[in-house]
Amino acid sequence: MPTPQPFVQDVSVASPELTSFNEAQRLAEMEKLSSDYTPEYTGPLVGDLKSSRELAHEYVGADPIYVTKTSAMYPAYTHYRKIRGDGNCAWRAIAFGYFELLLRSNSVDVVNRERARLRSLGNLLKAADIRDYLYEDFATDTDSVFQVISTSILEEDPNAASALLTQFNEASDSSVAYLKMLTSAWMKSRPGDYEAYLETSVLEYCSIFIEPFGVELDHVGVKAFIDCLVIPADFRVEISYLDRSPGSEMNIHHFESGENPYAPTLRLLYRPGHYDIIYKAEDLSELVPFLDKPQASLVQVSFMPHLPDQFFESTPLNFFLQPVNSVANTTTTSIRTNDDRDRFRASLFQYPPFQPSPLPFQTSIFRNSAYNPSHYQSENFQPELYQPELTDVSSRGGHGSRRRV
Amino acid sequence: MSSGSLRRITKELTELNENPPSGVTACPISDSDLYKWNVTLTAPKGSLYYGGVFHLNLTLPSEYPFKPPTLNFTTKIYHPNVSNDDKGSMCLGILRAENWKPSCKILAVLEMARGLLLEPNVDDAVETNIADQYKNDRAGFEKTVKQWIKNHAKEK
C-alpha cells in the first residue's frame with residue numbers, strides 16, 4: 001500500500017509551497033503511469049514467462065486500487081506472459097494458452113485428438129463456401145504448432161516450452177486468422193447460443209467483431225472463442241479482471257464445461273482493453289499428465305509439487321523430496337495413482353521448479369532470505385510452508401504489508 | 001510469412017484471370033513484383049461516372065493478407081470517397097485496417113471500388129464538401145463529375 005498522498009487528484013494544482021518540486025514531479029509521473037497505461041506495441045507477439053512481481057512494478061506509482069490488486073496477485077499468481085497489444089491480444093493469449101495446456105498434457109493422444117477436431121472444424125468453412133485457398137495456408141500454419149507439440153512430447157524435448165513459443169510466434173498471425181474464421185463459422189452454426197447477448201444478428205456481429213483482423217474481442221466474442229477452441233478440449237478458462245472496481249482483489253470469471261473438476265486451467269489477466277496470460281505456481285509445476293480418463297482413481301497428496309518417492313525411482317531430486325505427510329500444508333491437490341505410472345515421464349521438462357525444503361535450514365539468516373520459500377521474496381514462494389513458530393512474526397508481518405512504499 | 005502472401009496473391013491472380021469481373025481489369029505491373037497492381041475501372045451503366053475510364057494503383061502490403069491493400073486513383077475523379085489530391089486515395093470499408101479480414105480478396109476490393117462509382121457512400125466520405133454537394137446540390141455535383149470525366153477520364 002502506498003503512503004497516503006494528499007495530491008493524487010490533480011498534480012497541476014498542487015501548490016509549490018505544499019510540495020517540493022521533486023514530489024510534484026514524482027506525482028506527475030504517477031499520474032501519467034496511471035492514466036496513460038497502454039499495452040506495448042513492440043516486443044514479441046507472445047512474450048517469455050516472467051515473474052508476476054514485474055507486473056506489480058508497472059503499477060507501483062499508479063492508482064491505489066491497481067496497486068492493491070496487483071500486489072495481491074502475487075504470490076497467488078507467480079508468473080505472467082505479456083501479449084503484444086495490437087488488437088489481437090485476446091486471440092493470441094487464448095490460442096497460446098490452449099497450445100501450452102496441450103503441451104503440458106504431455107499426451108500425444110490429447111494433441112492428436114485436438115488436431116483432428118480443429119481439422120474437422122475446418123469443414124465448417126468448406127460448408128460456408130469459402131474458397132479453400134483463403135484459409136488453407138492459415139490451417140497449415142496452425143497445424144504446424146500441433147506438430148511441434150507432438151514432436152516435443154514424443155522426443156521428450158527438455159526445451160519443449162521454448163520450441164512452442166518460437167513456433168507459435170512464427171505462426172501466430174496465421175493461427176489467429178484461422179481461429180477467427182473458425183470462431184465465426186462456429187457462431188454462425190449455433191446462433192441461438194449467442195443471439196441473446198447481441199444487439200445485432202450473429203452474421204453482422206461476426207462480420208464486424210470477429211472476422212476483421214486486429215479488432216478487439218469483446219466479452220461475447222471471448223466466450224464464443226473459448227466455446228469453440230478451449231472448452232471442447234476439456235480445459236477451463238479463468239479471466240481475472242484488473243480494473244478500478246472496489247475491492248482489494250480482482251474479479252474472476254470462469255468459463256468451463258463443468259464436466260471435469262480437474263480440467264487444467266488457462267488463466268488470463270484482463271486490464272481494460274488488453275489480455276495477458278497469468279500462471280499459478282501449480283500450473284507451471286504440473287507433474288502428472290492429466291489424461292483423458294476422468295474415471296481414474298485419485299489420491300490426495302500435499303500441495304507441494306513433489307511426488308511421493310515411489311514415483312521417482314532414479315531422480316537426483318530425490319534428496320529434496322519430503323515424505324508426503326511431513327510437509328505442513330492446508331491445500332491439497334489431486335494426482336493420479338499407480339495405474340498411470342507407466343505413462344509418467346520423469347524428464348527434465350517435467351520437474352517442478354527447484355524447491356528447497358525449508359526444514360534443514362533454520363538459521364535466521366536463511367529464514368529472512370529470498371532463498372527461503374516461505375519468504376514472500378522467494379522466487380518459489382510457498383505460503384503453505386510458512387511456520388509462525390519458526391519465524392519472527394512481527395518483523396515478517398512488517399515486511400509484508402509495507403513493501404511498496 | 002511473405003512466401004505465404006505470395007502464394008495467396010498468385011492464387012488470387014489466377015482466379016481473377018479465370019473469372020474476370022465485369023468492368024474491371026487488374027494485373028501486377030510486372031511479373032517480378034506481385035505487390036503492385038495496375039487497375040482499370042469502367043463505371044457500370046446508370047452510374048454518373050459511366051463513360052469514364054479510371055486508372056488506379058493497388059498496392060499490397062508485405063503483411064498481406066493480414067493488412068489491407070491500398071487503393072489510389074491515378075485518374076482524377078470527382079467523388080466523395082476519393083481524396084481530392086495527388087494521391088487520389090480511397091480508404092473506407094474493408095480498406096481500413098480495423099475492418100480488413102484476411103479472408104477478403106482483392107476481387108472484393110475491386111468490386112467495392114466499382115460499386116462506389118454507382119453509389120457513393122456519403123456517410124463515410126473523405127471529401128465532406130463533395131459529399132454535401134452530392135446530398136444538397138445533385139445537379140451541380142453531376143455537372144462537375146461530367147466535366148472531370150471529360151477532362152481526365154476519356155480514353156482517346
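Two strands are taken to pair if DSSP finds at least two bridges between them, and the helices (H or I, at least four residues) and strands (E, at least two) are themselves DSSP runs numbered from the N terminus. This is a predicted model, in which local features need pLDDT of at least 70 and side-chain atom pairs count only at pLDDT 80 or more, while totals for chains, interfaces and linings use all residues. Residues are numbered from 1 along each chain as its sequence is written, chains are lettered from A and ligands numbered from 1 in the order in which they are written, and side-chain values use heavy atoms, with hydrogens and water left out.

**Chain B**

Chain B contains four helices and five strands, arranged from the N terminus as α-β-β-β-β-β-α-α-α. Its five strands form an open, antiparallel sheet in the order E1-E2-E3-E4-E5. Strand E1 (24–30) and strand E5 (89–90) of chain B are the edge strands, and because each has a single partner strand, one side of each is left without a neighbour in the sheet.

Within this sheet, E3 (residues 53–59) and E4 (residues 70–73) of chain B run antiparallel and are joined by four bridges; B:Asn57 stands opposite B:Asn72 in E4(B), and B:Leu56 stands opposite B:Phe73 in that strand. E4(B) is also joined to E5(B), again in the antiparallel sense, by two bridges, with B:Asn72 opposite B:Ser89 in E5(B).

Helix H2 (residues 106–118) of chain B lies across E1, E2 (33–42), E3, E4 and E5 of that chain, at about 25° to E2(B); contact here means heavy atoms within 4.5 Å, and axes are lines fitted to C-alpha atoms, for helices over the stretch in contact, with angles from 0 to 180 degrees between N-to-C directions. Of the 156 residues of chain B, 47% count as buried, where buried means under 20% relative accessible area, exposed over 50% and partly exposed in between (1.4 Å probe, protein chains only).

**Chain A**

The sheet of chain A is open and has six strands in the order E1-E2-E6-E5-E3-E4, with mixed pairing. Strand E1 (46–51) and strand E4 (251–255) of chain A stand at its edges. Strands E3 (residues 236–241) and E5 (residues 265–271) of chain A pair in the parallel sense over six bridges, and the bridge partner of A:Ser240 in E5(A) is A:Leu269.

| Helix | Strands crossed | Angle |

**Cores and helix H7(A)**

A nonpolar core is a set of buried Ala, Val, Leu, Ile, Met, Phe, Trp, Tyr and Cys residues joined through side-chain atoms within 4.5 Å. The largest such core has 70 residues, of which A:Tyr98, A:Phe99, A:Leu102, A:Ile149, A:Met187 and A:Leu268 touch the most other members. Helix H7 (residues 160–189) of chain A supplies the largest share of this core, 14 residues. Apart from it lies another core, of 43 residues, including B:Phe73 and B:Trp148.

H7(A) has a kink of about 65° centred on A:Ala171, the bend at a residue being the angle between axes fitted to the seven residues ending there and the seven starting there. Of its 30 residues, 21 are buried, so H7(A) is largely enclosed by the rest of the structure.
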